[in-house]
Amino acid sequence: PSGAALPYYLGLFSNVSGIVRNLKMQDVDITASQSHTLIGAVAGNVTSTGCIEYCAVSGAIVNSFAGSASSDFPYVGGFTGLNKGTIVESYNESNIILKSESGEAGGIAGRNGNTGNIENCYNVGDVGERSGGITYHNEGQIVTSYNVGRAKYAIANNFSGGTVAKCYYLSGNGAGVAGAA
């Protein structure tokens, strides 16, 4: 959106700071071409007080911006681009496509921030490069979740403080968990 403040938040909601419960979104078709974009079917951003629970998404979510600078950072996820809150008991069947060399994509969230919690979730959609089946960049917690979609990292690429426990993935669909445990 021209003239809008950065970053851009794209989804059914821009930000979620309350509870989204029992939402099923079928045949989602979201395409964006901007840098500095947080994209998810439910919300661009889930704040530390936000919660997505008992939800499902299917369709396709695409960011076709092809930038490579680290400041471009499009985050794309099945539910949200950036999760700082909680996502529980939810699943993604949508395919996630990210063309940027600097962005982050995940079946549940593009990035799981240090206050982010993903629990009892699963992904069956395919996620492109710089991707994780659950999230690409994990600084938070991922528990009892699984992935059967194709991704660079089957669960997540862990960063400082990120934890992954009791998670599973289909062999051959990514490298498991990378980084600090």
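# Exercises on rings, strands and loops

Ring pairs link Tyr91, Tyr122 and Tyr146 into a cluster. The model is predicted, so please read every value below as computed from that model. Let's work through it together.

## Exercise 1: A pair of tyrosines

**Task.** Find how many aromatic pairs there are, then classify the pair of Tyr91 and Tyr122 from the distance of the centres and the angle of the planes.

**Solution.** 

1. Start with the count, which comes to three aromatic pairs.
2. Next, take the geometry: the ring centres of Tyr91 and Tyr122 are 5.0 Å apart, and the planes meet at 5 degrees.
3. Ring centres within 6.5 Å make a pair, and planes under 30 degrees apart count as stacked. The pair of Tyr91 and Tyr122 is therefore stacked.
4. Now place the residues. Tyr91 belongs to strand β12 (residues 91–92) and Tyr122 to strand β17 (residues 122–123), so their pairing ties together parts that are 31 residues apart in sequence.
5. Finally, check accessibility. Tyr91 has a relative accessible area of 24% and is partly exposed; Tyr122, at 25%, is also partly exposed.

## Exercise 2: A tilted pair

**Task.** Describe how the rings of Tyr136 and Tyr153 are arranged, and decide whether each residue is buried or exposed.

**Solution.** 

1. The centres of the Tyr136 and Tyr153 rings lie 6.0 Å apart, with 50 degrees between the planes.
2. The cut-off for buried is under 20% relative accessible area. Tyr136 has 6% and is buried, and Tyr153, at 14%, counts as buried too.

## Exercise 3: Reading a sheet

**Task.** Give the strand order of the open sheet of five strands, and name its edge strands.

**Solution.** 

1. The order is β1-β5-β9-β14-β18, and the pairing is parallel.
2. β1 (8–10) and β18 (131–132) each pair on one side only, which makes them the edge strands.

## Exercise 4: Two residues and their surroundings

**Task.** Work out where Asn45 and Gly113 lie, and which residues they touch beyond four places in sequence.

**Solution.** 

1. Asn45 is part of strand β6 (residues 43–46). With 7% relative accessibility, Asn45 counts as buried.
2. The contacts of Asn45 include Tyr9, Ser14, Leu38 and Leu82.
3. Gly113 is in the loop between β15 (109–112) and β16 (117–119), and its relative accessible area of 6% makes it buried.
4. Gly113 contacts Leu82, Asn83, Glu139 and Gly140. The C-alpha atoms of Gly113 and Asn138 are 6.4 Å apart, although the two residues are 25 apart in sequence.

## Exercise 5: Positive phi

**Task.** Compare the locations and accessibility of Asn120 and Lys166.

**Solution.** 

1. Asn120 has a positive phi, near 55 degrees, and Lys166 likewise has a phi near 55 degrees. Neither is a glycine.
2. Asn120 lies in the loop between β16 and β17, whereas Lys166 is in the loop between β23 (163–165) and β24 (168–169).
3. At 31% relative accessible area, Asn120 is partly exposed, while Lys166, at 59%, is exposed.

Definitions and conventions: Residues are numbered from 1 along each chain as its sequence is written. This is a predicted model: local features need pLDDT of at least 70, side-chain atom pairs count only at pLDDT 80 or more; totals for chains, interfaces and linings use all residues. Side-chain values use heavy atoms; hydrogens and water are left out. Helices (H or I, at least four residues) and strands (E, at least two) are DSSP runs, numbered from the N terminus. Buried means under 20% relative accessible area, exposed over 50%, partly exposed in between (1.4 Å probe, protein chains only). Contact means heavy atoms within 4.5 Å. Rings of Phe, Tyr and Trp (its six-membered ring) pair if their centres lie within 6.5 Å; planes under 30 degrees apart count as stacked, over 60 as edge-to-face and the rest as tilted. Two strands pair if DSSP finds at least two bridges between them.
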